[in-house]
Amino acid sequence: MVGGMDLRKVDSLASIAEAEDLDFSRLLDRPRLKIERKRSFDERSVSELTVSGNLRQVDSYDSMYSLGTMRSVLDTPGSSAPNPFDPHPMVAEAWEALRRTIVFFRGQPVGTIAAYDHASEEVLNYDQVFVRDFFPSALAFLMNGEPEIVKNFLVKTLHLQGWEKRIDRFKLGEGVMPASFKVKHDPTRQTDNLIADFGESAIGRVAPIDSGFWWIILLRAYTKSTGDLALADSAECQKGMRLILALCLSEGFDTFPTLLCTDGCSMIDRRMVSSSTLCWGTHYLWNEQTLQGIYGYPIEIQALFFMALRCALTMLKQDTEGKEFIDRIVKRLHALSYHIRNYFWLDFQQLNVIYRYKTEEYSHTAVNKFNVIPDSIPDWIFDFMPTRGGYFIGNVSPARMDFRWFSLGNCLAILSSLATPEQSAAIMDLLEARWEELVGEMPLKVAYPALESHEWRIVTGCDPKNTRWSYHNGGTWPVTLWLLTAACIKTGRPQIARRAIDLAENRLSKDSWPEYYDGKLGRYIGKQARKFQTWSIAGYLVAKMMLEDPSHLGMISLEEDKAMMRPPIKRSASWTI
Ligand code: GLC
């Protein structure tokens with residue numbers, strides 16, 4: 001098993017989570033050393049952080065990803081690029097298009113609208129500033145030395161978080177961040193007002209779980225890129241972070257450290273889950289376990305959650321309130337990484353293990369802990385799985401595994417070091433081995449494979465936008481180019497990113513920067529895709545800038561956490577006999 005996370009091995013070991021928690025509680029009580037605070041934020045090992053008591057120090061990323069080091073990586077023989085530093089004419093065009101989308105509030109730039117598509121008759125909510133859509137725009141501005149818009153955005157959205165949020169008669173949690181906002185100009189009074197959507201206007205009336213996480217990750221990127229510690233240190237930002245964290249670190253009935261999510265709460269903001277009725281009369285239509293989708297514990301959100309927790313850890317102050325959250329984050333990170341690295345990971349060996357699972361096991365000795373029925377493994381996975389490579393599957397909950405590939409979750413797992421270095425390398429191996437399926441003619445499919453016919457009917461609720469190989473259902477989203485590029489640079493494989501960027505450069509500008517592409521190979525402009533979709537434009541710019549100057553990676557990447565990587569403690573001999 002590539003990641004060294006063999007479930008069989010894990011099962012024969014002592015309760016690692018328990019052992020590590022004990023270890024950690026000891027660490028948390030140790031005296032704190034005072035270490036001088038440096039200019040940039042850093043992401044150190046969880047144990048180092050808690051021991052040192054200083055969460056902001058040494059910028060080791062800059063040394064690790066210094067331009068010199070990365071230039072030598074870029075020169076690897078595998079790179080097809082004649083000269084990766086040549087400016088492409090599309091870059092200037094993209095900057096111009098991106099600047100057209102900037103939204104001003106009382107004269108200050110505060111974000112970018114989702115799409116600037118004049119040809120489209122339906123505006124819907126594409127004239128709003130979406131938190132998730134602004135993320136790649138923000139990175140582009142930061143990388144270009146224009147942090148002002150990012151700072152304004154962070155402050156404005158923080159202000160919106162303070163609003164009372166209601167859906168009908170139900171009040172939402174205090175920490176919920178908006179999915180999007182809009183600036184309304186009143187020409188008579190000559191004033192600007194903000195209108196925000198926390199899910200009460202969204203299709204399906206779902207609050208965005210991802211917004212708060214993107215906000216925390218962006219705050220770190222801003223701080224890391226500018227060295228401006230004052231914003232993150234401010235009482236308002238500290239409180240904003242704590243409110244977001246309070247929503248996802250609360251205790252309840254959960255037996256898993258992963259976050260339970262509803263459909264439509266993230267980039268995939270429509271129903272992609274099975275209905276509760278899976279039988280039609282007396283006939284099962286298909287395997288129940290293939291029908292999970294987003295509802296449950298989607299990797300997209302789990303990876304984002306993990307990354308946001310790690311980012312928050314670098315920024316939270318060690319005051320009375322902050323310290324309580326730091327302690328909870330440390331414990332959660334341990335449990336979360338253990339759970340995902342073990343139970344979400346799939347490669348050839350692990351697939352074979354699941355294929356031979358016994359069911360109805362009871363007690364602590366169970367190998368098939370979640371009672372996954374092997375017959376529920378979908379047929380496609382057996383051909384899809386290469387001998388070399390692996391990935392984090394879409395969703396894991398009792399007796400349900402969604403074996404689909406999700407791009408965002410896997411790339412974020414690499415960037416946040418949720419994936420071990422071996423797992424990261426294996427994800428890249430899989431991408432290379434299954435390039436035709438996952439990339440085809442345009443990077444990158446949001447999910448693979450598509451749900452068809454009956455499955456589409458039940459999982460998407462007959463959603464006409466989510467037909468097979470379209471939109472969220474196996475559609476291709478150019479915005480993912482920045483995530484792929486960052487993951488490639490982090491794993492030392494820039495040549496893969498170059499290949500993907502080449503594909504994007506063949507079509508993106510000619511096709512007027514579509515929101516998404518359709519088809520098995522991503523050859524067709526999406527049926528209902530907007531043109532001049534902002535995050536398609538910004539995603540391209542970020543990918544280009546990162547490849548040109550890999551030191552930019554530091555603002556959206558976290559180093560591996562040595563404490564989480566520690567080999568599990570073995571059982572004593574008496575246990576194994
Ligand atoms: C669509 C996408 C969503 C995005 C929004 C604005 O609803 O599914 O992820 O944020 O458009 O572009």
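View 1. Strand E2 (residues 108-112) is mostly covered, with 4 of its 5 residues buried. Buried means under 20% relative accessible area, exposed over 50%, and partly exposed in between (1.4 Å probe, protein chains only). Helices (H or I, at least four residues) and strands (E, at least two) are DSSP runs, numbered from the N terminus. This is a predicted model: local features need pLDDT of at least 70, side-chain atom pairs count only at pLDDT 80 or more, and totals for chains, interfaces and linings use all residues. Residues are numbered from 1 along each chain as its sequence is written, and side-chain values use heavy atoms, leaving out hydrogens and water. Strand E1 (residues 102-105) pairs with E2 in the antiparallel sense, over 4 bridges. Two strands pair if DSSP finds at least two bridges between them. Phenylalanine 104 has proline 109, in E2, as its bridge partner. The hairpin of E1 and E2 has 2 residues between the strands, and arginine 106 takes a positive phi near 45° there.

**View 2. An open sheet of 3 strands.** The strand order is E3-E6-E7, and the pairing is antiparallel. Strand E3 (129-130) and E7 stand at the edges, each with a single partner strand, so one side of each has no neighbour in the sheet. E3 pairs with strand E6 (residues 180-186) over 2 bridges. Valine 129 has phenylalanine 181, in E6, as its bridge partner.

**View 3. Phenylalanine 198 in its loop.** This residue is found in the loop between strand E7 (191-197) and helix H9 (209-226). Is phenylalanine 198 buried or exposed? Phenylalanine 198 is buried, with a relative accessible area of 1%. Not counting residues up to four places away in sequence, phenylalanine 198 touches several residues, including Leu160, Trp163, Met177 and Pro208. Contact means heavy atoms within 4.5 Å. Proline 208 is 10 residues from phenylalanine 198 in sequence and 7.0 Å from it in space, C-alpha to C-alpha.

View 4. Among the residues around the ligand are Ala114, Tyr126, Asp133, Met267, Glu515 and Trp535. Which distances separate side chains from ligand oxygen atoms? For arginine 132, a polar side-chain atom lies 2.9 Å from an oxygen atom of the ligand. For tyrosine 471, an N or O atom in the side chain is 3.3 Å from a ligand oxygen atom. For histidine 472, the value is 2.8 Å. The protein covers 96% of the 310 Å² of accessible area that the ligand has on its own. Accessible areas come from the Shrake-Rupley method with a 1.4 Å probe; for residues, only the protein chains shown count as cover.

View 5. A disulfide is a covalent bond between the sulfur atoms of two cysteines. Here the test is a pair of cysteine sulfur atoms within 2.5 Å. How many disulfides does a search of the whole structure find? The search finds 0. Cysteine 261 is in no disulfide; its nearest cysteine sulfur, that of cysteine 265, is 4.4 Å away. Cysteine 261 is buried, at 2% relative accessibility. The sulfur of cysteine 411 is 7.7 Å from the closest cysteine sulfur, in cysteine 488, which is too far for a bond. Cysteine 411 is buried, at 3% relative accessibility.

**View 6. The chain as background.** The chain has 24 helices and 17 strands. Of its 577 residues, 60% count as buried.

Definitions and conventions: Near = heavy atom within 4 Å. Polar contact = N/O pair within 3.5 Å; in protein donor to acceptor, adjacent residues only side chain to side chain.
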